[in-house]
Amino acid sequence: MNKDLLKTGDLSLTLKYPKETKTYTCTVYSREGYILLKKQVELKVRVCQVEVEEGAESVQLPFKTTQNLPEDAEVEWVRYEPEYNMVHLYKNGSDQPHKQHQDYRDRTKMNEDLLKTGDLSLTLKHPTERDSGRYRCDVWKNGWIIRRKTVQLKVEGRVQVQDQTGDIRNRSSSIDPTPLMADQSV
């Protein structure tokens, strides 16, 4: 908050690194304890949306924050919807692949010097429809979350369709509006 807030009347609050949608209330009291002013503000933190087509070589879940994070910070990527899975853990200065859920082993990568650069983005190799969901990256220091980002990943599946000549062709389930079957009436 500003230093001379009572003189200026500017009761604004600056919140660094907001993590989630919340409602905040500012209340100004008189010396006698009466409410002079009350205001509620809803802070909406938008979720980053990433879309990729199944069959892509990789997809990046972006997270760039301040540089020079503490050297002993832990970086944890989890998928928490539709189910909770440990995706990637960086702890004690290195990746911890033995802590990953088996579905993500040998499929994730983070940049080198991630704590120095502040680039905590995660690369997921060979994404499939099963990888779709909500992911969250938490940066931990002494048991406290000091940074957080949520990313919604949608992996569009591909289906094979046999056309009238008997040839098999790929069809994206989200882009190609051609119906799988069509009624033909005369």
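The protein chain holds 2 helices and 13 strands, where helices (H or I, at least four residues) and strands (E, at least two) are DSSP runs numbered from the N terminus. This is a predicted model, in which local features need pLDDT of at least 70, side-chain atom pairs count only at pLDDT 80 or more, and totals for chains, interfaces and linings use all residues. Residues are numbered from 1 along each chain as its sequence is written, and side-chain values use heavy atoms, with hydrogens and water left out.

**Confidence**

- The mean pLDDT of the protein chain is 86, and 84% of its residues reach 70 or more; pLDDT is the predictor's confidence in each residue, from 0 to 100.
- Over residues 172-186 the pLDDT is below 50, and this stretch has 15 contacts in the model beyond near neighbours in sequence, a contact being heavy atoms within 4.5 Å.
- Where pLDDT is low, the predicted coordinates should not be read in detail.

- An open sheet is formed by 6 strands in the order 3-11-10-5-6-7, with mixed pairing; two strands pair if DSSP finds at least two bridges between them.
- Strand 3 (48-53) and strand 7 (94-95) stand at the edges with a single partner strand each, so one side of each is left without a neighbour in the sheet.
- Strand 5 is joined to strand 10 by 7 bridges and to strand 6 by 5 bridges, and it runs antiparallel to strand 10 and to strand 6.
- Val75 has Val139 as its bridge partner in strand 10 and Tyr90 as its bridge partner in strand 6.
- Strand 5 and strand 6 also form a hairpin, with 3 residues between them.
- Strand 6 (residues 85-91) pairs with strand 7 in the antiparallel sense over 2 bridges, and Tyr90 has Asp95 as its bridge partner in strand 7.

**The hairpin of strands 1 and 2**

- Strand 1 (residues 22-29) and strand 2 (residues 35-43) run antiparallel and are joined by 8 bridges, with Cys26 standing opposite Lys39 in strand 2.
- These strands, 1 and 2, form a hairpin with 5 residues between them, and Gly33 in the turn has a positive phi of about 95 degrees.

**Core and surface**

- Of the 186 residues of the protein chain, 28% count as buried, meaning under 20% relative accessible area, whereas exposed means over 50% and partly exposed lies in between (1.4 Å probe, protein chains only).
- The largest nonpolar core has 24 residues, and those with the most contacts inside it are Val75, Trp77, Leu120, Tyr135 and Leu153; such a core is a set of buried Ala, Val, Leu, Ile, Met, Phe, Trp, Tyr and Cys residues joined through side-chain atoms within 4.5 Å.
- Among the elements that each supply at least two residues of this core are strand 4 (58-61), helix 2 (114-117) and strand 9 (122-125).
- Leaving aside its neighbours within four places in sequence, Leu153 is in contact with residues including Val50, Val59, Leu124 and Tyr135.

**Arg136**

- Arg136 is found in strand 10 and, at 19% relative accessibility, counts as buried.
- The side chains of Arg136 and Asp138 are joined by a polar contact of 3.3 Å, a term for a pair of N or O atoms within 3.5 Å of which, within protein, one must be able to donate a hydrogen and the other to accept it, while residues adjacent in sequence count only if both atoms are side-chain atoms.
- Leaving aside neighbours within four places in sequence, the contacts of Arg136 include Trp77, Tyr80 and Arg148.
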